[in-house]
Amino acid sequence: MSLLPFDLPPTDPRQRLKARGAASSPVGRFEPYLREWVHDGWEIIEEERLVRTEVSIERPRSVITRNTSPDVPFDRSINPYRGCEHGCIYCFARPSHGYLGLSAGLDFETKLVARPEAPEVLARELRKPGYQVAPIAIGTSTDPYQPLEAKLGVMRGLLEVLSAHNHPVTIVTRGAGVLRDLEILSDMAARRLVHVGVSVTTLDADLARKMEPRAPAPATRIRMIRELSRAGIPVRVMAAPMIPGLTDHELEAILTEARRAGARAAGMLLIRLPHEVAPLFADWLERHVPLRAERVLGAIADMRGGQLNDPRFTSRMTGEGVEADLLAQRFAVSCRRLGFVRDLGALDCTRFAPPPRAGDQLSLF
């Protein structure tokens with residue numbers, strides 16, 4: 001049976017796509033109506049228009065999101081932005097745009113939502129009387145250091161609040177903008193308040209440019225690891241996602257380069273294709289590596305019980321079956337050989353001092 005049965009809407013020929021992962025905007029799973037471009041029959045040459053990034057502003061009442069998932073090591077997270085201009089075609093967060101009435105395709109990477117008041121809201125949440133401190137994870141959905149951050153600085157504002165009140169944080173990114181914040185991250189690291197994970201999917205610059213069109217090149221990400229490590233910041237390389245039949249052969253090379261650059265720990269996640277991501281990824285394979293499309297999807301299905309996605313806790317991160325077990329063994333052997341530690345050590349929650357509430361008397365010491 002073919003694993004390419006997906007029927008995406010045709011690409012609007014009036015659109016000119018430059019450095020985008022998706023090529024269409026299929027309707028989200030919550031929408032009652034389908035939309036697609038249809039030629040009107042008139043032989044009139046219409047001017048192409050470049051698909052540009054649009055940014056909307058959200059003023060949230062709360063920024064800390066809670067979760068009870070048994071297969072992630074955190075119970076709270078923050079997303080400074082909704083959507084991500086990096087445009088990584090495999091991104092498991094793409095379906096989240098459906099909650100905004102937008103598409104997981106082009107909309108996810110071109111119609112972004114920024115939360116510039118997030119630092120102020122975070123401070124308000126931290127000062128609530130019942131707040132219990134634990135590390136906050138940032139970058140677990142969309143990247144806090146995507147290109148928009150250079151202009152708006154929402155992530156920088158969040159770090160300033162967390163640092164000022166000694167609140168621990170873990171960050172996952174592939175954005176070179178993290179290097180802008182070396183000073184504050186280094187200071188937080190000295191107080192055991194921060195870990196940073198850098199995602200490296202492939203070392204092949206050409207493949208990365210097609211698959212992650214607006215994310216930094218692989219060599220830049222290795223440099224990020226090096227500069228973060230030199231600044232005393234504990235770094236974990238995330239060999240993620242591993243894509244069987246496409247990038248899995250690079251696992252050992254990615255880990256080796258990251259270790260040479262100073263990464264102390266390593267992680268690996270198998271590609272996840274929930275909801276709208278599966279057809280988008282299949283379409284990308286057909287456009288960029290058509291001769292390997294069936295093989296890649298077949299290899300993914302072999303690790304997912306015959307399906308392209310497995311939403312079950314635990315197995316959704318690792319896969320199952322012989323090939324998934326072999327991949328996990330390769331990862332474990334490489335980590336031992338390269339001297340990676342199992343974890344980066346516990347972050348310090350004892351230093352936390354909540355922001356003062358209105359009317360509180362400030363301490364002199």
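User: Which elements do the buried residues of helix 2 pack against?

Analyst: They pack against strand 5 (76-78), strand 8 (136-138) and helix 4. Buried means under 20% relative accessible area, exposed over 50%, partly exposed in between (1.4 Å probe, protein chains only). Contact means heavy atoms within 4.5 Å. Helices (H or I, at least four residues) and strands (E, at least two) are DSSP runs, numbered from the N terminus. This is a predicted model, in which local features need pLDDT of at least 70 and side-chain atom pairs pLDDT 80 or more, while totals for chains, interfaces and linings use all residues. Residues are numbered from 1 along each chain as its sequence is written, and side-chain values use heavy atoms, without hydrogens or water.

User: How many residues of helix 2 are buried?

Analyst: Seven of the nine residues in helix 2 (residues 118-126) are buried, so this helix is described as mostly covered. Among them are Pro119, Val121, Leu122 and Leu126.

User: Where is His167, and is His167 buried or exposed?

Analyst: His167 lies in the loop between helix 4 (154-164) and strand 9 (169-173). His167 is buried, because its relative accessible area is 0%.

User: What does His167 touch?

Analyst: Leaving out residues up to four places away in sequence, the residues touched by His167 include Leu126, Tyr131, Leu162, Met188 and Phe352. With Tyr131, the side chain of His167 makes a polar contact of 2.6 Å. A polar contact is a donor and acceptor pair of N or O atoms within 3.5 Å; residues adjacent in sequence count only if both atoms are side-chain atoms.

User: In what order do the seven strands of the open sheet stand?

Analyst: Two strands pair if DSSP finds at least two bridges between them. The seven strands stand in the order 4-5-8-9-10-11-12, with mixed pairing. Strand 4 (65-66) and strand 12 are at the edges and each has a single partner strand, so one side of each has no neighbour in the sheet.

User: Which strands of this sheet run parallel, and how many bridges join them?

Analyst: Strand 9 and strand 10 (residues 194-199) run parallel and are joined by five bridges. Val172 stands opposite Gly197 in strand 10. Strand 11 (residues 235-242) and strand 12 also run parallel, with five bridges. There, Val237 has Ala266 of strand 12 as its bridge partner. Strand 12 (residues 265-270) is mostly covered, with five of its six residues buried.

User: What is the order of the open sheet of three strands?

Analyst: The order is 3-7-6, and the pairing is mixed. Ile57 has Ala114 in strand 7 as its bridge partner.

User: How many aromatic pairs does the structure hold?

Analyst: A pair of aromatic rings is described by the distance of the centres and the angle of the planes. Rings of Phe, Tyr and Trp (its six-membered ring) pair if their centres lie within 6.5 Å; planes under 30 degrees apart are stacked, over 60 edge-to-face, the rest tilted. The structure holds three aromatic pairs. One of them, Phe281 and Trp284, is stacked, at 6.0 Å centre to centre and 15 degrees between the planes. Both residues lie in helix 9 (residues 277-288), three residues apart, about one turn of the helix. Phe281 and Trp284 are both buried.
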